[in-house]
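Please look through the sequence and the structure shown here, and then follow the explanation below, which takes a few residues in turn.

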Amino acid sequence: MAPSYETLRDENLDEEDFDYDEVDVSDLKEKYEVQLEQGYDTFVVIDGLPEVTEEQKPKLVKFLLKKLNTVGKTSEDAIFMPFGDHGKSLRFAFVEYSSPAEAAAAVRQLDYSPLDKKHTLRVNKLTDIDRYGREGRIDEEYTPPTIEPFQEKEHLRSFMADPSGRGRDQFVMYRGDTVGVFWNNEKDQPENIVDRPHWTETFVQWSPLGTYLTSVHQQGVQLWGGASWTRIRRFAHPFVNLVAFSPNENYIVTWSNRPISIPDEGHPQLSIDDDGKNYVIWDIETGKPIRSFAQQDTPAGPDGEAKKPAKFPWPAFKWSADDKYVARLNQGTSISVYELPRMNLLDKTTVKLDGVVDFDWAPATVKREGVKEYEQLFCFWTPEIGSNPARVGLMSIPSKQVVRSLNLFSVSDAKLHWQSEGAYLCVKVDRHSKSKKSQATTLEIFRIKEKGVPVEVVDTIKDTVINFAWEPKGDRFVTITTTEPVGATAVPPKTSVAFFCPEKAKGNAVGNFKHLRTLEKKNSNAIYWSPKGRFVVVATVHNTQSSDLDFYDLDFEGEKPESDKDLTANLQLMNTADHYGVTDVEWDPSGRYVATWASAWKHAMENGYHIYDFRGEQLREEPIEKFKQWAWRPRPATLLSKEEQKQIRKNLREYSRIFEQEDAERISSADVAVVQERRRLLEDWYNWREVVEEEVAEERAELGLPADPVEELLKAKMAEVAPNGEEQVIEEIMEEVLEETEEIVN
């Protein structure tokens, strides 16, 4: 038995007679020496445990193991829980996992997780002690932290209170190297709020509810907001390329095509676990990374070679409507669904779907008929594999139950289109003939809120649909079709624009979808609905030969054609416009104005922007050199209840009179202000003339010159003409032609 420290004799500690150089212990050292990098990386420190006695310890360890084994493999022997002199635990424990990856997963997923109602776990790596607590980083003496005095922060939604009282919207413009935020003043010059050079290096982006303005830099992403436009958060993702927010602005995803490289001295926000990753998901409130992911390898095709994706999938991570789940497509194999805020894989498994091509969450939390449990829905589609048909499915989360599926045949491609409130899902299916030489489109419309989720098929379309758009908060849609093959061509193909709406039905029911109108021989290729519905702009963008803008009203209050009496729409073309070189179109969040612009990112011809009202009347045009980007600032959802909104619509005429009177007063006051300003300038001019004339008169008097030089010159001239002072009469003979005729003689 080895002696204890107390029983060691002095002679056992005498080192003078013992020569260490004669003993070769290299083999033992190599065998038993603890490799710090390998050994300590598997250890974590669990803090926040309840205080227990030796008798209570086994029960706590057994309870703790259930949570610890959800992220890795550990055992009761791998948990060391220190005890104090008072016979009770010190409320922390050391835990060893089977691998460093499991230890990292424990830190990422178990930190801040609740153990019970009274205790919350804090999980850290054991190696962090060396990282943060090495000599020189921690003072020997405890110094209480200084508590900063409370400072009231700026309201991040102060932009909702327009100081003019007119309910104007804000927008951001990126031109040259300067980024500016402005109030929209319709026909007048936009009112500048803030203008900063080099505010971003690549582009700017609003968060979904308009709270933050995002700037993108080589060092990472920054969020700005408040009345003074101060920096709110910073996310240090080096060489970031793209940014995406969750719908409720709780999280942000950053992506870089360069894998993250953590330097030896560490990173201010990222850890060694993020090394080699491309995606990082951040918590906006804390500014901390939650989890990082590497770029996925492209799945192999039938020949074994990697298939090149048609387009880079962005956003790669798609969010549920309430921010509780985020999912990622594993191309051709499965969908990974993660729970927030811990970012753990739902049920520890992915959703296996052979051949899955795409999926999309419902944009709102849908209440299906007969379903009382909480759920979020997403749809997916898989292609034809062998003798198995293509399939479209609707899955409920968190149960992972497929609540509706549809088999499809002869499918070339499919696109998923959700209506803004999640009431409908349209699957645009491109089908090929048996010879695969021709192609047509059918629309499979899922009625989500109806019992059993019935599917309605719109198969009256004989051509290929190249664009589809639902009416926001409505049940009408617009399609753009072409008879020519889809793809890059020297001359853009002629297109047709078709409008669809439901039939009238009894009560609150929605009838079957019917064709309303088709407009042929168009060049249109883009559809932009007003965020409030009813009005739509059908445009031709990215086209050097045409740049049409057609403004339609689907609830025109004029006479309705007899053929449309049973339909829920009355279509009317309100106006047409032309913006040469237009590349982008966007409605403001109120649905009152439309901005179109020609971006220098696409071409260098006539860059600038136009502003139209919802009827298509052009309000303002401003050419700007090197104009790059325009973006309206989004608004959060209204706080008014449906009943309050209904009451406002009922009394809208009364409110309209007030607003019209205010607009008239504003215009007249603006005219009065212009007249008053002109009068002031004229009066300033007269006063300046008087001062100058007095100064000139004084200078002429000092020089002995006449006060009026013109009068003296006239007197001198008269003296030359009449030296004796006699008057002279000058006669002038003027010849006037009264009539003139011309005769041609042969």
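Helix 7 (residues 652-702) gives the most to a nonpolar patch, namely four residues, where helices are DSSP runs of H or I with at least four residues, numbered from the N terminus. This is a predicted model, in which local features need pLDDT of at least 70 and side-chain atom pairs count only at pLDDT 80 or more, while totals for chains, interfaces and linings use all residues. Residues are numbered from 1 along each chain as its sequence is written, and side-chain values use heavy atoms, with hydrogens and water left out.

The patch on the surface is formed by L640, I648, L652, Y655, I658 and F659, which together have about 520 Å² of accessible area (Shrake-Rupley method, 1.4 Å probe, only the protein chains shown counting as cover). Such patches are made of residues with over 30% relative accessible area and no salt bridge, nonpolar side chains (Val, Leu, Ile, Met, Phe, Trp, Tyr) being joined within 5 Å; a salt bridge is a side-chain nitrogen of Lys or Arg within 4 Å of a carboxyl oxygen of Asp or Glu. I658 lies in helix 7 and is partly exposed, with a relative accessible area of 44% (buried is under 20%, exposed over 50%, partly exposed in between, with a 1.4 Å probe and protein chains only).

D322, in the loop between strand 16 (317-319) and strand 17 (325-330) (strands are DSSP runs of E, at least two residues), is buried yet has no salt bridge, and the nearest side chain of opposite charge, K324, is 4.5 Å away (Lys and Arg count as positive, Asp and Glu as negative; His and the chain ends are not counted).

Key: Patches are made of residues with over 30% relative accessible area and no salt bridge: like charges are joined within 9 Å, nonpolar side chains (Val, Leu, Ile, Met, Phe, Trp, Tyr) within 5 Å.
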